[in-house]
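This briefing is meant to be read with the sequence and the structure side by side. It moves from the whole chain to selected local features.

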Amino acid sequence: MPIFDLDVRFEEKGFARKYGADWDPERRTWFYKGEKIPRQLAIFYNGPRENIEQINQNNTNNNTNNKTNSDKTFNQGTNMNNNTSMNNSSDKTSASQEISAQTTTQTINGRELSQYLTVSKFQERVAGVINTATFMNVAIRGEVADFKEPDSNGNYWFKLKDKENGKLLPVVIWASNVHIISDLEKMKEKPEVAVIGSLKWYEKNGNATFQIFRMTNIGDGVSNLELLALTKKLEDEGIFDIAHHKKDDEFPKYPRGIGVITAKTGKAIKDICVNAQQYTNIYLYQAQVQSVSNVDMIVDNMINGIKMLDGMKEVEVIIIGRGGDSPETLMRVYNNEKLIRAVYSCKTPVVSSVGHEGDDPLLDRVADKAFNAPSTAAIYVVQHLKRQVETLNNYRNNFNLLMRNKIAKNRLIISEELSELNLYSPEKQIIEKKSKVDGYIQFFGSALQKQINDYHRRLDGYKNSIINAPQGIFLKNKNRLELQRQSLRTYANKVYDERRKQFELAVRDLNGLSPTAKLINGFGYISVNDSPLNSVKDVRVGDEIQVTIHDGVLSADIKDIKQEDTKHNK
């Protein structure tokens, strides 16, 4: 069974595996095993188209033979990406009518709301037209344009240009297919190439991308060859000679006005005004400065602007600027021979600011000065004016600072003199003397009142002592007796406590020596014939003994006698 190699990106592996694709770990490539490749996998296949399974053959033939029929089919909403034919349109119509019958009819812009497609439905229709065999394995030739460095994923995005009318087609070479680029440096020279690829519609992003699977260089590119020939021709005529360019000291230091050729609403004029309008007058000649169509009309308009501004006495420098556009626009407009010769013939100094870093349009070579941004060009033209204005501003600031310092110093002198004058003025002297007199009066009055109050307190004390003398003696003696009584009571209690403790200790010692007290603790007194029994030798078996305990006397007979060995115990 045949095996077909497929070019599947990492993010598309789920879709490819869904329709039967598989991964070969040894060859490190995707493949499909079968007689015919399913239509869904055709976008990954770079081989002959006859190996693709033509599921919707009728619609494919109609699209190939008649583009008008294809457009008509698109407008009618036929989805070529489904395994159905045009005959199922009646089923869709009936389903649409059924949905419309269930909802309230609403007319917007002359159409019922049910006739408006959702974004998803429209995406499906577009995908049904684009993701078909008609746009797969298409062979195209054109010149490389806008070739840039790869993106972060290693993919190359650039454009193919039609050498006859300059129309552009955005294309991409995925990182997995970079090996088809034979020479990267050659690509930057804009060669003419023949490519084979497929146009794929991505419903998620809503855009179509032409993916290149094969690419072959077939020439150096007509535009590049023409540019090289024109450059050599102009160099031979001496148009790019440095001697023709005006040097820095030949530029007007203080231009009365600057002529600008650019779009009225573009970024270039805004940047120029921001950096130069405060220093000089700006005369704008409105012109379209970027486009790949109507190049001759754009160039003629710019030439008219150069001639007009060159004839104005107020204009001492001309700036040709643009805010930015594709490199293709830069090459087609600013490499034009008529424009280059017009700048060469201009008597007024011309400054070019149409390219970016790395660009080399012929306009930059013929202009007296060239910069990669309009703002930089404007700063260069007014640099002396800006420096003078800054110098004047510094003088003004320094003068204002000196004047403020001098005014502040004089104000301080005047303030000090006013203070000294006020210090010795008669009115101030009178006020100070009056204040001192008032202070003395207040001081002496307070001192006199204090002495009077002291005498009153002393008199009240003498009076109270005379009146309350007998009562005071009585209270004093009474307090003394009360203190003695309390002291005697405390001493008596102390002696009583000590005697009580001594008595309790004596009673405790006495109880410890009492035989009766010991009997209470489980001890007994043994006697024979009213005599104490001290040894087992004093009794025999059968004798009667008496045991006295704390609450009575017990009588017992001796049944057995065991004498212990006292020596052994010792």
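How many helices and how many strands are there in the protein chain? In this predicted model, the protein chain holds 18 helices and 19 strands.

**Whole chain**
- The protein chain has 570 residues, of which 31% count as buried.
- When contacts between residues at least 6 apart in sequence are considered, 61% of them join residues at least 24 apart.

- A nonpolar patch on the surface is formed by Ile108, Leu113 and Tyr116, which together have about 240 Å² of accessible area.
- Ile108, a member of this patch, lies in strand E4, which covers residues 107-108, and Ile108 counts as partly exposed because its relative accessibility is 31%, a value between the 20% and 50% cut-offs.

**Helix H5**
- Helix H5 (residues 119-130) has 12 residues that should span 16 Å at 1.5 Å a residue, and this agrees with its end C-alpha atoms, which are 16 Å apart.
- The buried residues in H5 are Gln123, Val126, Ala127, Gly128, Val129 and Ile130.

**Hairpin of E18 and E19**
- Strands E18 and E19 form a hairpin, with two residues between them; the two strands run antiparallel and are joined by six bridges.
- Within this pairing, Thr548 stands opposite Val553 of E19.
- Strand E19, which spans residues 552-557, is hardly covered, since the count of buried residues among its six residues is zero.

Technical notes
Residues numbered from 1 in each chain as written. Predicted model: local features only at pLDDT ≥ 70, side-chain atom pairs only at ≥ 80, totals over all residues. Heavy atoms only, no water. Helix = DSSP H or I, 4+ residues; strand = E, 2+ residues; numbered from the N terminus. Buried < 20%, exposed > 50% of the residue type's maximum accessible area, 1.4 Å probe, protein only. Contact = heavy atoms within 4.5 Å. Patch = residues over 30% accessible without salt bridge, like charges linked within 9 Å, V, L, I, M, F, W, Y side chains within 5 Å. Areas by Shrake-Rupley, 256 points an atom, 1.4 Å probe, with all protein chains shown as cover. Salt bridge = Lys/Arg side-chain N within 4 Å of Asp/Glu carboxyl O. Expected span 1.5 Å × (residues − 1). Pairing = 2+ DSSP bridges.
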